[in-house]
Amino acid sequence: MSLSRIARHPLLLGCVRHQLFLNPSPLPGGACMRSLSRAQYRRPGQPKDNRPPWKRIKFDFAKGVEGVKRQLTLLKKELLDPLVGPEGKPMLEHMLEQNRVVWEFRGPECLEQWSVSSDREIGGQSEAYLKLGRNNNTCLLYGTLCAAPPRDGETRYSGYCTMRSKQRLCSFDRKTHFDWTSFNTLHLRVRGDGRPWMINLAPETYFSHQKDDMYSYFLYTRGGPYWQEVKIPFSKFFLGHRGRIQDDQHHLWLDKINTIGFTLGDKVDGPFQLEIDFIGVCKDYAHTEEFAYEKYKRNPEV
Amino acid sequence: MNPFVLSILLLSLGLGTTLTFASSHWLLAWMGLEISTLAIIPLMAQHHHPRAVEATTKYFITQAAAAALILFASTTNAWITGQWDINFNLHAFPASLLTMALALKMGLAPVHFWLPEVLQGLDLTTGLILSTWQKLAPFILMCQIMPVNPSLITFLGIASTLVGGWGGLNQTQLRKILAYSSIAHLGWMVLVMQFNQQLALLALVIYIPMTFSTFMIFKTNSSTTMNTLAASWAKTPALTAITPLVLLSLGGLPPLSGFMPKWMILQELTKQGIPLTASVAALSALFSLYFYLRVSYAMTLTISPNNLNATTPWRLQTTSSTLPLAISTTISAMLLPLAPATLALLSP
């Protein structure tokens, strides 16, 4: 499907591109790309690497030893945590848990867990940067949005900036997921500039054509110096695929969440800022809704 | 689902298993296995959720691979021995291949990896059918091909009991707990199958009501995690009091029914001169007992000091019949006094 067809979606125009050309997450320690498809991706504007494969590998004994130590440490943690309880916490703590901070920004190493992208990758003119906020207590996503489409003859819409958490990896670079089944609400403390953002949750999928499935909801920020605490129930998240809202909706299963992302695509040119204090999950006892949208059947029931 | 379609699928499920039960030809047995696999596929995928479709696909791939292995093994046996009869003694190689294929069908370790993920993707009713009815046909085939490679069978049994216990230790998802419970129980059945098939059948006959009770209890509470189970005392206090009995019966504690097969299996293994295997199996049962106790603790033995971690529904009069659950929990908890009569029936 060409980009122009995807770009015609009115609601999620700014959010489409990043799902196609999201910055591939570099591995911890600066190791090489994981999959072949990611290894072949070259960001636009970067020079082509014409070196033969054997020259691209940097052999370094110290790096190898450090890598082995890191993986063995992770493996040891993975083996010892079950002796304590589920997810390394005692069972009582798991049962009584009502709130959990999943991401907080207390140092430069916290920024390593996030990747930032914009439509610059497809030839656009938006810019997005991520840095620590004041006193190293928050993170600040800032930049400039520019909705001018790239002049490639086929792209009709553009203008998005996004920040997405990297896939969590356990020992030997295996994927691990968040288990948020004990919670029902996403809790954020943010300070925006009045622009509407989209929050995207990506669960673990099985089929390759589900890899762009994303559950999204809107984050309306208040401009101004005051922080806002946002609580969004998971039942409000709707299913989209490559930016298109799906007809066959279903609620988000919380037992295998991979990443969270924030996307700005409101088609308003100019600077933007979003400061995030923490991202957590909590259990709202008053919220009993399972899913906010109608699950209609397209055909008569067979 | 449309009631006609549902009835066709359920009847096909029954047909497939019955066909396998009644067959003496390997092709017919294979056909029965395939029919039951294909019949449950629409039941698993009916909700169209991605996880349900994922579970269905994984189930189909593993079961189809196992069925293909069964067909290959039976064809090889027919080529070598000239016999398609199930009751005829198998050649060594096809016998081992058939054992592994049936182990894959049932979800025995070390080919058990599909079972927790598949059960996690299903609703409780379909998971119940998968854990109970779908085990019957491969189980009966496995009984009929005995005796095969004793080392292989013992390895499958011990590995399953260990994996079933270890794997379920830190689970908080109830369906995965029941998956590992299924693996462990099947391990016990397979261990004794080579010596006394009636005992294996007894273990299966006791396992089915216990699992049925557990699934129905979770369905009544609409719980799929341990945290939501903690609110069941407000929904169904009587059931909350009975559930530990069912869970401890699954764990094999006397004086509950689940103790009977474990006791007899350990006795048989000791009689056969493999006390070490019996000891390892008994010790591995402790792992399983731990997570059954943990579920009982979360559900019955504690009341959360803060607000309940789940919603309490309106306690309206139930429209569904509770008779099957009542019968199965009674069977799960109170059949141990029948042990002498059972022993007398089983002895030649």
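Eight residue pairs, both members at pLDDT 80 or more, are in polar contact between chain B and chain A (a pair of N or O atoms within 3.5 Å; within protein, one must be able to donate a hydrogen and the other to accept it, and residues adjacent in sequence count only if both atoms are side-chain atoms). The model is a predicted one, in which local features need pLDDT of at least 70 and side-chain atom pairs count only at pLDDT 80 or more, while totals for chains, interfaces and linings use all residues. Residues are numbered from 1 along each chain as its sequence is written, chains are lettered from A and ligands numbered from 1 in the order in which they are written, and side-chain values use heavy atoms, with hydrogens and water left out.

The most comes from α3(B), with seven residues. By residue class, this side holds eleven nonpolar, 17 polar and six charged residues, where Ala, Val, Leu, Ile, Met, Phe, Trp, Tyr, Cys and Pro count as nonpolar, Asp, Glu, Lys and Arg as charged, and the others, Gly among them, as polar.

Overall, 34 residues of chain B contact 28 residues of chain A (heavy atoms within 4.5 Å). About 2,700 Å² is buried between the two chains, with 55% of that area given by carbon and sulfur atoms; buried area is the accessible area (1.4 Å probe) that two parts lose on being put together, summed over both. Two salt bridges are counted between the chains (a side-chain nitrogen of Lys or Arg within 4 Å of a carboxyl oxygen of Asp or Glu). A:Lys256 and B:Glu117 form a salt bridge, with their closest N and O atoms 2.8 Å apart.

Turning to chain A, seven strands make an open, antiparallel sheet in the order β2-β5-β12-β7-β8-β10-β11, two strands being paired if DSSP finds at least two bridges between them. Strands β2 (114–118) and β11 (244–245) of chain A each have a single partner strand, so one side of each lacks a neighbour in the sheet. Strand β7(A) (residues 196–203) runs antiparallel to β8(A), joined by six bridges, and A:Pro196 stands opposite A:Tyr220 in β8(A). Four bridges link β8(A) (residues 213–220) to β10(A) (residues 238–241), again antiparallel. Here A:Met214 has A:Gly240 as its bridge partner, and A:Ser216 has A:Phe238.

Notes
Helix = DSSP H or I, 4+ residues; strand = E, 2+ residues; numbered from the N terminus.
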